[in-house]
Amino acid sequence: MLDRPAWRVFSLLSLLLLLVLPAGGCCSMARLFCGPDKTPWVPIDFSTPEKSVRTLLEALRRDDPERVYECLSHRYRDELKIDNGLTQLAWPKIREQNPGLHVAGYAEVPAATRIDADRARIELNVEGYPLVLELVRQRSWQVQWQRDGGPELAKGEVVPTFTKVASGKSDEDGRVQMQITLDLKTSADPDELLRDLQRGGLFAEWKVDRMSSPPKP
């Protein structure tokens, strides 16, 4: 039996399956029996609401629970009470009980309706059934480094606004200087961190903040 958090994952992803099976035509049935898609991945991209939804659908099509998890906002993960480890543990049971889940990944993605600068809404038509995805633009800072050939280390945090960790000023030549201050909460030497730094910066990414299925008209 799945525990309560795992059931939340099960319910979320089963919603997509239930939208597919009642109206499955020839193409849908072929996809159902062929299994997850194995062709090359489309680019993983969270820069717009539309690209984020395409990334989510691609993850479903590829049977990739880690990528599905990455597509969800931190708030939505908390609401569902899931973390990456739990998603990985629950996924085999979800896949076993929902063998056609990947079929939802073939839905066409229409243009998003922008609610405001940081919120958008996309309504998918999954084999004739509506699926509404609400998205938020989630801001965060992220730093990743690797020391002496060991495992990659990463730090990061979601922030409500970039002004929490960055500031800027204009000089007399009209150029803008930006300063980023990050609290890494580590005892490592700062010079060593800079030497071993692989990537880092500020990111604004669109993530799925809620999914719902309104009644079919």
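In the predicted model described here, A204 is found in strand 7, where strands (E, at least two residues) and helices (H or I, at least four residues) are DSSP runs numbered from the N terminus. Residues are numbered from 1 along each chain as its sequence is written, and side-chain values use heavy atoms, with hydrogens and water left out. Because this is a predicted model, local features need pLDDT of at least 70 and side-chain atom pairs count only at pLDDT 80 or more, whereas totals for chains, interfaces and linings use all residues.

With a relative accessibility of 33%, A204 counts as partly exposed; here buried means under 20% relative accessible area, exposed means over 50%, and partly exposed lies in between, with a 1.4 Å probe and protein chains only. Leaving aside neighbours within four places in sequence, A204 is in contact (heavy atoms within 4.5 Å) with F46, R137, Q138, R139 and F162. A204 and S47 stand 157 residues apart in sequence, yet their C-alpha atoms are 7.4 Å apart in space.

Not counting residues up to four places away in sequence, Q138 touches S73, H74, V158, F203, A204, E205 and K207. Q144 is likewise found in strand 3, and at 18% relative accessibility Q144 counts as buried. When neighbours within four places in sequence are set aside, the contacts of Q144 are with E152, L153, A154, L197, Q198 and R199.

A contrasting position is that of K164, which is found in the loop between strand 4 (152-159) and strand 5 (166-170) and is exposed, with a relative accessible area of 52%. Apart from neighbours within four places in sequence, K164 is in contact with E157 and V159. The C-alpha atoms of K164 and T181, 17 residues apart along the chain, are separated by 8.8 Å.

Of the 217 residues of the protein chain, 40% count as buried. Among the contacts in the protein chain with a separation of 6 or more, residues 24 or more positions apart account for 63%. The protein chain exposes about 12,600 Å², of which carbon and sulfur atoms supply 53%; accessible areas come from the Shrake-Rupley method with a 1.4 Å probe, and for residues only the protein chains shown count as cover.

Charged side chains were examined next. Side chains of opposite charge can pair when their charged atoms come close. A salt bridge is defined as a side-chain nitrogen of Lys or Arg within 4 Å of a carboxyl oxygen of Asp or Glu, and by this rule the count comes to 16 salt bridges. In one of them, R75 pairs with D209, the closest N and O atoms being 3.0 Å apart. R75 lies in helix 5 (residues 74-80) and D209 in strand 7 (residues 197-212), so the pair ties together parts that are 134 residues apart in sequence. R75 counts as partly exposed at 35% relative accessibility, whereas D209, at 6%, counts as buried.

A salt bridge also joins D118 and R137, with the closest N and O atoms 3.0 Å apart. This pair links distant parts of the chain, since D118 is in the loop between strand 1 (113-116) and strand 2 (119-126) and R137 is in strand 3 (residues 129-146), 19 residues apart. D118 is partly exposed, with a relative accessible area of 26%, and R137 is partly exposed, with a relative accessible area of 30%.

In a further salt bridge, R195 pairs with D196, the closest N and O atoms being 3.0 Å apart. At 55% relative accessibility, R195 counts as exposed, while D196 is buried, with a relative accessible area of 10%. Salt bridges that share partners join R75, E79, R119, E134, D209 and R210 into one network.
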